[in-house]
Amino acid sequence: MNRELEPPAGSFEAAELYQLRMALKSTYAQRLQDLQDMLDFNAEAEARNPRLRWAAARLRRPRVESQAQTWNSEGYDKNARFVTDLGAPVLELLAPKPGEHILDVGCGDGVLTKKIADFGCSVVGVDSSADFVASARKLGLTVVETSASDMVFGPVFDAVFSNAALHWMKDADVVIGRAARALRPRGRFVAEMGGHGCVKTLLSALIEELDRRGHDGHAANPWYFPTVEDYGGRLAAAGFDVRYIELIPRPTPLPGDVMGWLTTFCGCFTAVLPEGDRADYLECVRDRIKPDLCDATGKWTADYVRLRFAAYLRH
Ligand code: BEZ
């Protein structure tokens, strides 16, 4: 976080301005890429000019490629609509009241966010996927394209809400801190995420199959499935009074073949492999988990475990 770009806490407009500045910074990164491409076409000039050589060497420093999950709204709608359909219990725990200001962290395609808005609340969604943000905006929602750990909202919200998103955010303390900062005094943070042991069978197969191919399967794992003690402790340390927190095993019937789930959610694992090996990798994962997750009639069930909580800011 660049401190000089940080807006004063409490200012919603300043937060928007900050997000805009971040967007400009990514445009700047694109300009650097253009410059690098130009230099690639001018190798001769570079060889003659020491300053150009120096600049080119800096631009060519290896970049850390993020193996970030990418989202596709269409695929999500087909293979993962159950994620929002099963959001009723956490929505009930949030108990939104008309007129409340609510921040939905990791709002995805906005289907659940819209349900909160339909209670008469003023809702702001946050998501780092441009594709999801575009879909959510089509529902008429206000959405900021940013990661949760880069959110800079001041204390303007009555509640921070999140469904099925926090387990993608390994920098949990930063995210919890940002949520706390976005809340008015005694505001609530109500969320559901994958909890300890979630998709254990699926995850073991994804990791083991990468290991077998000579890769580090654990390193590719994008998920963080905490225990009650772990996440509850982090919430308490950030100034929350944790009034409810529970780990809930929830075997989840899938809408079709598990391949739909694998292609929707497992981009971080397949990204490790050359494109040509990815389909075979997923087929091998499917073969490994079939005895445990597919019944005699061909119906697939994912071994989900939820962590659900309601925590209130102490001050
Ligand atoms: C979950 O919602 O728990 C989940 C979703 C995708 C992958 C893993 C877990």
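This is a predicted model: local features need pLDDT of at least 70, side-chain atom pairs count only at pLDDT 80 or more; totals for chains, interfaces and linings use all residues.
## Packing of α10 and α15

Two packed helices are described by the angle between their axes and the distance between the axes. For helix α10 (residues 200-212) and helix α15 (residues 278-293), the angle is about 140° and the axes lie 9 Å apart. That angle makes α10 oblique to α15, because angles over 145 degrees are needed to count as roughly antiparallel. The crossing of the two helices, α10 and α15, is right-handed.

## Residues between the helices

On the α10 side, the contact is made by T201, L202, A205, L206, E208, E209, L210 and R212. These meet Y281, C284, V285, R288, I289, D292 and L293 in α15. Sorted by class, the contact of α10 with α15 has nine nonpolar residues, five charged and one polar.

## The largest pocket

Rolling a probe the size of a water molecule over the atoms shows where empty space is left. The largest pocket has a volume of about 1,000 Å³. Its lining consists of 50 residues, and those nearest the centre of the pocket are Q69, W71, A165, W168 and M169.

Several elements give two or more residues to this lining: the helices α5 (81-85), α7 (111-117), α8 (130-138) and α13 (258-265), and the strands β2 (122-127), β4 (157-163) and β7 (301-313). Of the elements, α8 gives the most, with three residues. By class, the lining of the largest pocket divides into 26 nonpolar, 15 polar and nine charged residues.

Definitions and conventions: Residues are numbered from 1 along each chain as its sequence is written. Side-chain values use heavy atoms; hydrogens and water are left out. Axes are lines fitted to C-alpha atoms, for helices over the stretch in contact, and angles run from 0 to 180 degrees between N-to-C directions. Helices (H or I, at least four residues) and strands (E, at least two) are DSSP runs, numbered from the N terminus. Angles under 35 degrees count as roughly parallel, over 145 as roughly antiparallel, 65 to 115 as roughly perpendicular and the rest as oblique. A crossing is left-handed if the near helix is turned anticlockwise from the far one by less than a right angle, and right-handed if clockwise. Contact means heavy atoms within 4.5 Å. Ala, Val, Leu, Ile, Met, Phe, Trp, Tyr, Cys and Pro count as nonpolar, Asp, Glu, Lys and Arg as charged, and the others, Gly among them, as polar. On a 1 Å grid over the protein atoms alone, a cavity is a set of points where a 1.4 Å probe fits but cannot get out, and a pocket is an open set with protein on both sides within 12 Å along at least five of seven lines; lining residues have an atom within 4 Å of a point. Grid points are joined across faces, edges and corners, and a volume is the space filled by probe spheres set on the points.
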